[in-house]
Amino acid sequence: MVIRLSPQIRAAIQRTTLPILILLSAAIIVLGKADKMLFDSVRTATTDSLAPALETVSRPLSAAGNMFDRVQGFFTTYGENRRLAQENERLLKWQQTALDLATDNQKLRGLVRAVPEAAISYVTARVIANSGGAYVRTVMVNAGSDERLARGQAAITGEGLVGRLTEVGSRAARVLLITDLNSRIPIVIESSRTNAVLAGDNSERPRLIYLASPEAVKIGDRVVTSGEGGVFPPGIPVGIVSVLDAAGPRIEPFVELSQLGYLMIVDYGLSDSLPQPVPFPPRQGRRGKSGVADEAAPR
Amino acid sequence: MAPKVFSIPALPRVNSVAARALPIVSTIIAAIVSILPLRIPGYAALTPAFTLMAAYHWTIYRPDLLPPLALFTVGLTEDLLVGAPTGVSALLLLLVYTVVLSYRRYFVNRTFPFVWSGFTILAVGAMLGLWALHCVLDATLLDFRVTIFRTVLTIAIFPVASFLLGRAQRALIGAG
């Protein structure tokens with residue numbers, strides 16, 4: 001402190017800062033709740049400016065994780081090798097089947113003159129922060145619009161769907177995990193082709209809602225993205241039905257969401273065709289910007 | 001009108017920059033630690049409230065070096081970074097500061113179990129409040145079990161945090 005204030009004034013300032021800041025926090029909570037878009041730019045700017053620092057801090061952790069995996073791998077090599085040999089044998093058969101099916105598929109597509117699927121490209125990004133706490137399920141990755149990421153793109157790993165991008169800065173982006181309370185993903189149950197929406201509720205197993213025919217769902221059914229709404233590519237594996245109770249089925253995700261290291265962000269070539277924010281009559285003001293395309297309101 | 005609660009005349013003055021910065025810096029570190037992506041199953045949801053520990057420790061021992069503005073900034077930044085409803089952490093830390101400050105005289109120069117019990121009460125209150133606030137904000141009844149586990153974990157980790165903070169405090173600021 002360079003400015004010397006009289007003790008009385010300093011005491012007065014100290015006395016009033018705390019109540020003012022408390023009121024300010026409360027006001028921010030209410031405003032942020034009333035208008036979800038209000039703090040978006042601030043949030044993106046904060047994320048962007050702190051991303052390099054977080055990346056640096058999380059690097060040793062990532063290295064330690066890799067080392068741990070390597071040491072563990074050292075002890076399990078033998079068993080792992082046998083398992084892989086067996087798996088390889090099985091997969092070779094599947095490969096043959098897949099090749100046959102691909103040829104078939106191509107022929108049939110030719111017959112019905114199907115529109116060719118859009119080319120998919122990936123960006124791989126590392127998780128640099130997660131949401132510590134019980135009420136939000138997000139992770140931050142170290143790639144952003146500089147790497148041509150865009151809001152709404154799907155984040156996946158080799159196992160399946162992780163979430164979607166809700167916020168993209170130039171160097172970092174936030175992924176809303178499928179388990180988050182605000183996550184809504186259009187899915188389809190593979191065996192019965194039943195459409196539904198996968199709704200997170202902050203638990204480890206998201207629920208299926210808006211099921212077209214609930215009686216068709218069985219435990220063990222595979223669930224994949226339906227691609228409805230045009231935001232996600234169809235057919236990304238999501239999980240399997242693991243619980244059936246009165247409140248509806250729950251899904252066990254294929255991806256271990258608490259142990260994310262690297263994510264692939266899928267550019268399905270659709271981000272340009274994401275429905276643009278719909279212009280609302282000016283009277284409704286800023287909230288009109290949120291657009292109808294959101295399956296879930298971003299926080 | 002004499003300031004009662006907010007003037008803390010008994011604390012020794014420290015001049016070294018490192019010592020003056022320690023409470024704020026350690027609170028920032030606590031905030032960073034709580035968002036580090038540790039690959040432990042289920043950890044993200046159960047991450048102990050490290051900033052709460054730092055705020056409690058420094059409000060008891062050196063409230064003069066932890067201005068409310070710092071708590072507000074750290075809390076707000078944390079919310080912005082994790083994508084939580086903006087302002088919740090800031091409000092929580094400031095309320096914790098207010099409450100602890102008013103009971104501060106009972107905790108200074110007390111044995112650790114006493115300080116720990118104080119933290120236990122505080123953590124239970126804070127987590128309950130946080131849960132209630134999130135329920136209101138999300139307009140739904142959120143699973144309470146996670147909150148219970150997180151509270152227990154936070155209370156259980158506090159001795160470690162308190163030890164580290166105390167060590168740093170003695171090394172840089174001296175006994176306080």
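Biologist: How many residues does the contact take from chain A and from chain B?
Modeller: In this predicted model, chain A puts in 46 residues and chain B puts in 42 residues.

Biologist: Which elements of chain A give two or more residues to the side that touches chain B?
Modeller: Those are α1 (7-34), α2 (40-112), β1 and β2 of chain A. The largest share, 13 residues, comes from α1(A).

Biologist: And what's that side of chain A like by class?
Modeller: It has 21 nonpolar, 18 polar and seven charged residues.

Biologist: OK, β1 of chain A. Which strand does β1(A) join through six bridges?
Modeller: That's β12 of chain A, residues 262-267, and the two run antiparallel. For instance, T124(A) sits opposite M264(A) in β12(A).

Biologist: What about β1(A) and β2(A), how many bridges there?
Modeller: Three, again in the antiparallel sense, with β2(A) covering residues 138-141. V127(A) has V141(A) in β2(A) as its bridge partner.

Biologist: Switching to chain B: at what angle do α7 and α8 pack?
Modeller: About 155°, with the axes 10 Å apart. Angles over 145 degrees count as roughly antiparallel, so that's what α7(B) and α8(B) are to each other.

Biologist: Is the crossing of α7(B) and α8(B) left-handed or right-handed?
Modeller: Right-handed.

Biologist: Which residues make that contact?
Modeller: From α7(B), they include W116(B), F119(B) and W131(B). Among those from α8(B) are F144(B), R150(B), I155(B) and F158(B).

Biologist: How many of the residues in the contact of α7(B) with α8(B) are nonpolar, polar or charged?
Modeller: Ten are nonpolar, four polar and one charged.

Technical notes
Residues numbered from 1 in each chain as written. Chains lettered and ligands numbered in written order. Predicted model: local features only at pLDDT ≥ 70, side-chain atom pairs only at ≥ 80, totals over all residues. Axes fitted to C-alpha atoms, helices over the stretch in contact; angles between N-to-C directions. Helix = DSSP H or I, 4+ residues; strand = E, 2+ residues; numbered from the N terminus. Parallel < 35°, antiparallel > 145°, perpendicular 65-115°, else oblique. Left-handed = near helix turned anticlockwise from the far one by under 90°. Contact = placed C-beta atoms within 7 Å. Nonpolar A, V, L, I, M, F, W, Y, C, P; charged D, E, K, R; others polar. Pairing = 2+ DSSP bridges.
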